[in-house]
Amino acid sequence: MADDDAPSDSSLLVIVVDTNPNQRYITEDPKLLTGCLDAMIAFANSHLMQKSSNLLAVIGCHFHKSEFLYPSPGKPLDVRQIDGQYELFTLVEKTIKMRLVNLIKSQPQDDKPGESLLAGALAMGLCFISRMRREAAPGIRMSSRILIVTGSSDTAAQYINYMNVFFTAQKQQVLIDVCSLDKHLSLLQQGCDITGGLYLKVPSLEGLLQYLLWVFLPDASERGQLVLPGRGRVDYRAACFCHRELLTIGYVCSVCLSVFCKFSPICTTCHTVFKTGGPLPIKPKKKKMKV
Amino acid sequence: MSESSKSKSSLNLNPSPTLQCKDLHEYLKSRSPQFLETLYNYPTICLAVYRELPELARHFVIRLLFVEQPVPQAVVTSWVSQTYAKEQSKACEALSELSVWQEAPIPGGMPGWMLAQSFKKNLKVALLGGGRPWSMSSSLEPDGKARDIAFLDAYALERWECVLHYMVGSAQTEGISADAVRILLHAGLMTRDADDGSAVITRAGFQFLLLSTAKQVWLFLQHYLHTAEKRSLSAAECLAFLYQLSFSTLGKDYSTEGMSNNMLVFLQHLREFGLVYQRKRKAGRFYPTRLALNIARVRGSAPCAGLVPQPPQQQQGYIVVETNYRVYAYTQTNLQVALLGLFTELIYRFPNLVVGVLTRESVRAALRGGITAQQILHYLNQHSHPQMLNSETGGIRATSVLPPTVVDQIRLWETERNRFTYTEGVVYNHFLSQADFAVLRDYAKSQGVLTWHSERGRTMVVTRAGHDDVKRYWKKHSKS
C-alpha cells in the first residue's frame, strides 16, 4: 500500500506492546515477560540502528489504559553511558523500562484484568504518526508502520474499533504488522491484509528476537527484495454488532451496512426502521389474466 | 608472422580534475585490511560502518549477528528474491570489501560466510550493551553555564563560516590557525600564490564550497586524518573519537576526563573548526555541535526530521529556481552570492535578494572550471527555499525539487562537452591471418582489456594496463 518503489528518507516505527497480565504466556511463567521485553527493546534499537533518521515510538497497552513508553512526554531522561552501548539505545531501554513499571503500578488492584485495549493503542499510534508527518521538515519522505506484539487471544468485542483503525491506516498508508505470541488472531490478520503488512504467529518464544529481526525489521520498500513469509489465507468473517460473534451469514442494514446475527426491526446503529418486518414474505404469484 | 604495436599518442585525459568526495565506505575501502581490523575494535566505528552499508547488506549483517558458525553462501542468496539478484551481489561485494564478513568453509565443503569476529563483537556491544564505556562519558557535575542548542548552532555556524570566508579571501582572516591553513593547502583546496606566498583558492576549492556543509566537514577531516599521522596522532583513534562525537546528543555536555594527550590535542583542533564547543581550554567538559553530529549523515542528504530540533532559519534554503532559468536567492552574505556567481549570470542585486539567470555561457564557464552539472544541481537542490520543497509539480513527487527543464538543460550542456572520451591504449594491427587476429582478440576480450576492434581491418586496441599481458600471450602463441 505504501510507496513501494521510492526508498524513504526516514522510517517511523510504532510498536504496540501488549502488557496485559492475563496473557497466557505470562500467567504460566511471569519471567517470560522480561525476556520478551528485552527482545522487543533490542528489536526497537535495531530499527534505530538502520538509519540515523529513523524514528521510534513504543506504546504499552494494558487492560485499563494505553500509554506511550517511548518517547516519554516532557524532557527526556538524563542518561550517561554505563557500558559500550550507544547512548541513544541506553536511553530507549531505560525509558521503556521505567515507564512500563509506572504503567503496571498504576493498574487498579481490585479489578479483574479485562481485555487489552489494542484498538485504542493503535489509534494512539496513528495519531502519533500523523503528528510526526505534519512536523517533518518539508521535502522529507517518511514511511511509517505499526507493529503489534501481543499474546492476547482474539475477541470480537472491539471489532468496530479495529475496523475503523485498519481503514484509517490504509488511507494513511501506514502498514500494520502483527506478531502473535500465543494464538492465531484472525481479526488482526485482517488488518495486516487490509494495510499490506505482515502477520506472523511465533512458533516458540525462545527465538522471539530472531523472528522480529528477520520478518519485521525490513522497511516497506525493502520487503519486496527479501523473501518473507506469505500472506496465507485470511479469515474475513465479520463480527455482528449485537453480540460480537463472528458470522458467515447474517443480516446487513441497507443504510449503514451494520451486521447483525438476528433480525431486528430497527437498526441499532443508525436507527433506521425497516418497513418489511420479519423474514421476507413470499410474494404471492400474480395470477395470469385470462385473455 | 609479424605483429606491430604502436603506442597511441597519449592525450591529457582530464584537464581539470573534479573534486573527489569519498564517503566513509569509499574512504575505508582505500585503507589496508589491518587498518580496518584496528578500527573494528571500536563499537562506534562498527555502528557507523553498519549504517553506511547498502540496505540489503544491513539485513544480512543483522541476520548473521547472532549466528556463531559460518552460514552457507547459498542460504544467504536464498534470502533475496530472484529479481533483485543485482542488489544482492552488490551487497555481498560491499561486505567483502570492508571485510565485514569473510569466506569460511563449512564442514560439508560448501563455501560460507562468517562475520568478522571483532566487528560482530563490537556491533553487539553498541546495540545491546556490555564492554567498556566510550572515553568521553564519565559523569559530570551539572554545568552552571550550560549552553542551549541555539547557542551551539550559532557557534558552529560562525566557526565554520570562518574557514569558508578565509578560503574566498574575504576581509575576515583572523580566527583561523596555521593548522587549518596547512590542511587546506594539503587538500589542494588552496595554493600558495607564486608571487607573495599568500594562500589563494583553487578550482577544487570552489567545488568544495558547493558541497553541503556535512560533506565539507567530512572532506576536510579526511585530509586532517591524512596529515594527522605525521603529527603522531593515530588516525584510527581520531576516527573513532569523531564517530563517537557523531553519536552523541546535541546540547549535552561530555567530560574530557581520561582522554589521552593526543586526543586532547585533537579536541582542540575540532574546537577550532566548530565541531565542539568548549568554554575554556581546561574546562574539562565540551559540547558537540551539529557539525560533529552530521558526520555520520554524509550519505543521506536529508536533514534529520522529527525529534531532533530543526536548524535555525539561516541554515535553511534560500534559492528559488524557476522554469525560465531564473534563480532568486534570498541572501545577504557575499559568500553565497559569490558561489551563485560561479554558474549563473547575476542580473539584479537587492538588499536581501539576488537575481541571476542560468545561461549556456555561464554554466559552460563553470563546467570549464571543473565543476560538474551534478554539483550545480546538488547545490541548487540542497539550498532550495522551503517554498520550493512544498510545491508539488503536477501532483507528482519528482526526485528533484528543481524544474525538470532546468535539470535536463544543465545536464545537456554538460554532455555536449563530453562528446569524446579518451582512453590510453596500444594498437595491434598488421595481423597475417584472420585466425591470429581472432585468437588475440578473444584473449583480450576474455581478459577485459579490449577497448576497440575491427574485424575488417584486423586492428584492435588494448588498454595500457593490459598491454604487457596480451603481448606475452601473443609471443607464446606465435612460438607454438
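Reader: How far apart do the end C-alpha atoms of residues 408-475 of chain B lie, and how much of the span is helix and strand?

Author: This is a predicted model. In it, the end C-alpha atoms of that span of chain B lie 50 Å apart, with 46% of the span in helix and 22% in strand. An unreviewed UniProt entry lists residues 408-475 of chain B as "domain: Transcription factor Tfb2 C-terminal".

Reader: What area is buried between chain A and chain B?

Author: Interface size is often given as the accessible area lost when the parts come together. Here chain A and chain B bury about 4300 Å², and carbon and sulfur atoms give 57% of that area. A:Met49, A:Arg80 and A:Gln225 supply 17% of what chain A buries against chain B, more than any other three residues.

Reader: How many residues of each chain are in contact?

Author: On chain A there are 43, and they touch 49 residues of chain B.

Reader: Which residues form a salt bridge between the chains?

Author: The count between chain A and chain B is 1 salt bridge. A:Glu87 pairs with B:Lys252, and their closest N and O atoms are 3.3 Å apart.

Reader: Which elements give two or more residues to the side of chain A that touches chain B?

Author: They are helices H2 (31-50), H3 (87-105) and H7 (208-216) of chain A. H2(A) gives the largest share, 6 residues. By class, this side of chain A has 23 nonpolar, 12 polar and 8 charged residues.

Terms used: Residues are numbered from 1 along each chain as its sequence is written. Chains are lettered from A and ligands numbered from 1 in the order in which they are written. This is a predicted model: local features need pLDDT of at least 70, side-chain atom pairs count only at pLDDT 80 or more; totals for chains, interfaces and linings use all residues. Side-chain values use heavy atoms; hydrogens and water are left out. Contact means heavy atoms within 4.5 Å. Buried area is the accessible area (1.4 Å probe) that two parts lose on being put together, summed over both. A salt bridge is a side-chain nitrogen of Lys or Arg within 4 Å of a carboxyl oxygen of Asp or Glu. Helices (H or I, at least four residues) and strands (E, at least two) are DSSP runs, numbered from the N terminus. Ala, Val, Leu, Ile, Met, Phe, Trp, Tyr, Cys and Pro count as nonpolar, Asp, Glu, Lys and Arg as charged, and the others, Gly among them, as polar. UniProt positions are given in the numbering used here, feature names are shortened, and annotations may be inferred rather than shown by experiment.
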